[in-house]
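Me: I would like to go through this model with you. Could we begin with the overall picture and then turn to details?

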Amino acid sequence: MDSPGRSGRRGRGYWLADLVVPGVWWLHGTRGSNVYLVEAGAELVLIDTGFGDSAQGIAQEVEEVAPGRAISKILLTHAHVDHAGAAGLLRKSCGAEVVAGRAECVRQGERWLLRERVGHSHWLRSLLAAALRRAFPVVIVDRVLAGEAEVAPGIVAVPVPGHTPGSYCYLDEARGVAFVGDLVISHVEWLARPLKMSNANDGLYLESLRKFGPRAPETGCPGHGAPVLAGFGEKLRELADLPRRRMPPFDPMRMRQLRQFGKGMSRRREKAADPPPPS
């Protein structure tokens, strides 16, 4: 699998974002899920936000990539804290409109608020949920989605419920790029599905994966693992055709996947040790 190209100069302590395709960047300096910046017409759109402590790194990197421009929209694939943790802080700091699936939200008076979600795979999720109520800022959702819709110029939101009730993918139709959140996970050489226990409704998730398959383009940007620059749609369709198989708890493949996933969740993608390219 090809790797995204570097932007070619160093920012504040880390390399600038990887260029996936012209107008789409994979940000560094974030923790949790992958965070992508997209030029949509005259707008700058953010796909997911990582954990809450990613907000400052995102703001710095956006200023490096697009000086003087502000994020206009934050498109959330789902409400898990590793994807939406910084959404409230960024909305407040840059005035961006937050967009999410209606099933990820709760109505409070005249406002929609993002639900506090911890993935089903967290063994201590009840304790984590209590901690989130103290540490996770309230996220106001400005636009709630209940079906397929264009959410920014050239970007279409496609519902893919199952991992969470209101999960969405976002298709940049002109560029042929899909931002798929946790619909699939990239392990460099192959795509994988989230573990059954991490899905709110695994049967519905598998159905969503199959339905999305025919629309999956050549390039895919998952929420975890490296972007896939070629053959993404084919890989996703092949995965969708495979049945779930029962694996023992300590299956080597499962353990390898969990280790890779954990590393990606716990550290920022910094490249300050790399020498700058020749000018």
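Me: What share of the residues counts as buried?
Reply: In this predicted model, 52% of the 279 residues of the chain count as buried.

Me: And how many helices and strands are there?
Reply: The chain has seven helices and 17 strands.

Me: Among contacts between residues at least 6 apart in sequence, what percentage joins residues at least 24 apart?
Reply: That share is 63%.

Me: How many bridges join strand 6 to strand 10, and do they run parallel or antiparallel?
Reply: Strand 6 (residues 97-101) and strand 10 run parallel and are joined by three bridges. Opposite arginine 143 in strand 10 stands valine 99.

Me: New topic: helix packing. At what angle do helix 5 and helix 6 pack?
Reply: Helix 5 (residues 202-212) packs with helix 6 (residues 232-241) at an angle of about 140°, and their axes are 9 Å apart. Helix 5 is therefore oblique to helix 6, because only angles over 145 degrees count as roughly antiparallel.

Me: Is the crossing left-handed or right-handed?
Reply: The crossing of helix 5 and helix 6 is left-handed.

Me: Which residues make the contact?
Reply: Helix 5 contributes Leu209, Arg210 and Phe212, while helix 6 contributes Leu236, Leu239 and Ala240. By class, the contact of helix 5 with helix 6 has five nonpolar residues, one charged residue and no polar ones.

Me: One last item. Where is glycine 29 found?
Reply: Glycine 29 is in the loop between strand 2 (24-26) and strand 3 (36-40).

Me: Is glycine 29 buried or exposed?
Reply: Glycine 29 has a relative accessible area of 6%, so it counts as buried, the cut-off being under 20%.

Me: How far is glycine 29 from serine 54, in sequence and in space?
Reply: Glycine 29 and serine 54 are 25 residues apart in sequence and 6.9 Å apart in space, C-alpha to C-alpha.

Methods. Residues are numbered from 1 along each chain as its sequence is written. This is a predicted model: local features need pLDDT of at least 70, side-chain atom pairs count only at pLDDT 80 or more; totals for chains, interfaces and linings use all residues. Side-chain values use heavy atoms; hydrogens and water are left out. Helices (H or I, at least four residues) and strands (E, at least two) are DSSP runs, numbered from the N terminus. Buried means under 20% relative accessible area, exposed over 50%, partly exposed in between (1.4 Å probe, protein chains only). Axes are lines fitted to C-alpha atoms, for helices over the stretch in contact, and angles run from 0 to 180 degrees between N-to-C directions. Angles under 35 degrees count as roughly parallel, over 145 as roughly antiparallel, 65 to 115 as roughly perpendicular and the rest as oblique. A crossing is left-handed if the near helix is turned anticlockwise from the far one by less than a right angle, and right-handed if clockwise. Contact means heavy atoms within 4.5 Å. Ala, Val, Leu, Ile, Met, Phe, Trp, Tyr, Cys and Pro count as nonpolar, Asp, Glu, Lys and Arg as charged, and the others, Gly among them, as polar. Two strands pair if DSSP finds at least two bridges between them.
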